[in-house]
Amino acid sequence: MKDMFRGFSASVASRILLASLFLTLSAHAADTKNNKSSSDFGPPQGKPIHAVLTSPPNVPPPLHRNYPAKVIVELEVVEKEMAISEGVKYMFWTFGGTVPGSFIRVRQGDTVEFHLKNHPSSKMPHNIDLHGVTGPGGGASSSFTAPGHESQFTFKALNEGIYVYHCATAPVGMHVANGMYGLILVEPPQGLSPVDHEYYVMQGDFYTTGKYREKGYQPFDMEKAIDEKPTYVLFNGAEGSMTGDKALTAKTDEKIRLFVGNGGPNLVSSFHVIGAIFDKVRFEGGSNFQKNVQTTLIPAGGAAVVEYQTKVPGSYVLVDHSIFRAFNKGALAIMKVDGPAKKDIYSGKELDSVYLGDRAQADLAAVSTATKAAESGTLTVQDQVNAGGQLFAGTCSVCHQANGAGLPGVFPPLAQSDYLNSDPQRSIGVLLRGLTGKVTVNGKEFDSVMPAMNQLNDDEVANILTYALNSWGNKGGRILASDVKAERAKAVSVKAAAH
């Protein structure tokens, strides 16, 4: 140390030493202050508090509490059959009866008394691993709970942040893949900055024996899960969980905070809101944040907090920007923002019904009606037409247009189409396998690409074609799901159409 100050006078050396000591102490004080992100804040005060738990996409209200408390969390595991898509049932394993599980909100420094109950109707034992717990297994080793039993353990919430919780009972991957995950928020002592809306969104990948949107009950497929080939990638446990009348809502000039988790079990999420730029992202759920972010990466078993300001009215689409997951596996949600137009920011020309996909329409009631009628054997042509019209708006109208006129010289018309009317059954194969090369419709030649629409199930193909046959001056007729099933089963070798 002396060699550092050789050549300096004693007084100058002393001042340098004092300055150095001051900087060291200041840095230590700053570290100590910052280290409040991990602190116990002393024993709990006041009477015990029962935590308010909410189902997605809702979030419990901010705590507004300036002291650590004993917080009692009571969470029940329920195994229940629910819809994973329209007309598709799946046996979910849940925390609190929903996927994701109930949102838990506590304050940093709280002592949490955790009660895990396993409903008597359950077939499996379960436990819980909370990533916000400091202790072996995150609580898993203390919470193994058989059906009809209850477990209890206590932990102190030392670190503020947004954390995933999930079941960790073997086989762990299967429990997580069946929907056993959720989020716990540990608020900092000063709370979070005020916003107008907070929402809870969590992505998960699901593995069923049947294909995407194949009707009926679909069991879990372990082989697909091991191979990491999901049938569905979803927000909040079901296709369309936050679309139509279940869409998230806001008004212009409001501040939005999304707590976004990724339960996995396998895929990483590239979370993006189409038409919004995140003003602030707490990436990986930690204490640091990034500004002006377009898409944020959320690992399996991780979370993030994104905030943005609404400015222009319209429908904003939440997606996993691994984009086939959004439009072909279900990872899509809507935030509907109401308010006056702001032409100076965005001129308009909404094409929401085209761009957002077939599950993002404002009203898909006719699709639900047709599905139920098909299950009961009472499906009518009009049921099919109504359902097909809603599906056409989200799947086909971008090319063939809402009035069936197509685009001259590019996409052939469906309206009064001799190609469609002369052989309706042929159109089933076109939808399933696509069509490439020259085709003549109403005396005019078109040379474009019709991509295979094999993501549509048999009912959807049948309803869309029935709608087209009974619209725009066409001759009428009906395509049944059984017709589509028979065509799909044909061993026809056709080169897949691609742009």
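## Overall surface and composition

The protein chain exposes about 23,200 Å², of which carbon and sulfur atoms supply 56%; accessible areas come from the Shrake-Rupley method with a 1.4 Å probe, and for residues only the protein chains shown count as cover. The model is predicted: local features need pLDDT of at least 70 and side-chain atom pairs count only at pLDDT 80 or more, while totals for chains, interfaces and linings use all residues. Residues are numbered from 1 along each chain as its sequence is written, and side-chain values use heavy atoms, with hydrogens and water left out.

Of the 499 residues in the protein chain, 50% are buried, where buried means under 20% relative accessible area, exposed over 50%, and partly exposed in between. The secondary structure comprises 12 helices and 23 strands; these are DSSP runs numbered from the N terminus, with helices (H or I) of at least four residues and strands (E) of at least two. Among contacts with a separation of 6 or more, 69% join residues 24 or more positions apart, a contact being heavy atoms within 4.5 Å.

## A four-strand open sheet

Four strands, in the order E4-E9-E8-E6, form an open sheet with mixed pairing. Strands E4 (104-107) and E6 (129-130) stand at the edges with a single partner strand each, so one side of each is left without a neighbour in the sheet. Two strands are taken to pair if DSSP finds at least two bridges between them.

E4 pairs with strand E9 (residues 181-187) in the parallel sense over four bridges. Within this pairing, Arg105 has Leu185 of E9 as its bridge partner.

## Nonpolar cores

The largest nonpolar core holds 28 residues, of which Leu258, Phe271, Val273, Leu318 and Met335 touch the most other members. Such a core is a set of buried Ala, Val, Leu, Ile, Met, Phe, Trp, Tyr and Cys residues joined through side-chain atoms within 4.5 Å. Beyond its neighbours within four places in sequence, Leu258 is in contact with Tyr199, Phe271, Val273, Ala304, Val305, Val306, Tyr308, Leu318 and Met335. A second, separate core of 26 residues includes Tyr90, Phe103, Val176 and Val305.

## Cysteines

The whole structure contains zero disulfides, a disulfide being a pair of cysteine sulfur atoms within 2.5 Å. The closest cysteine sulfur to that of Cys396 is in Cys399, 8.6 Å away and too far for a bond. Cys396 counts as buried at 15% relative accessibility, whereas Cys399 is partly exposed, with a relative accessible area of 25%.

Note on methods
Buried means under 20% relative accessible area, exposed over 50%, partly exposed in between (1.4 Å probe, protein chains only).
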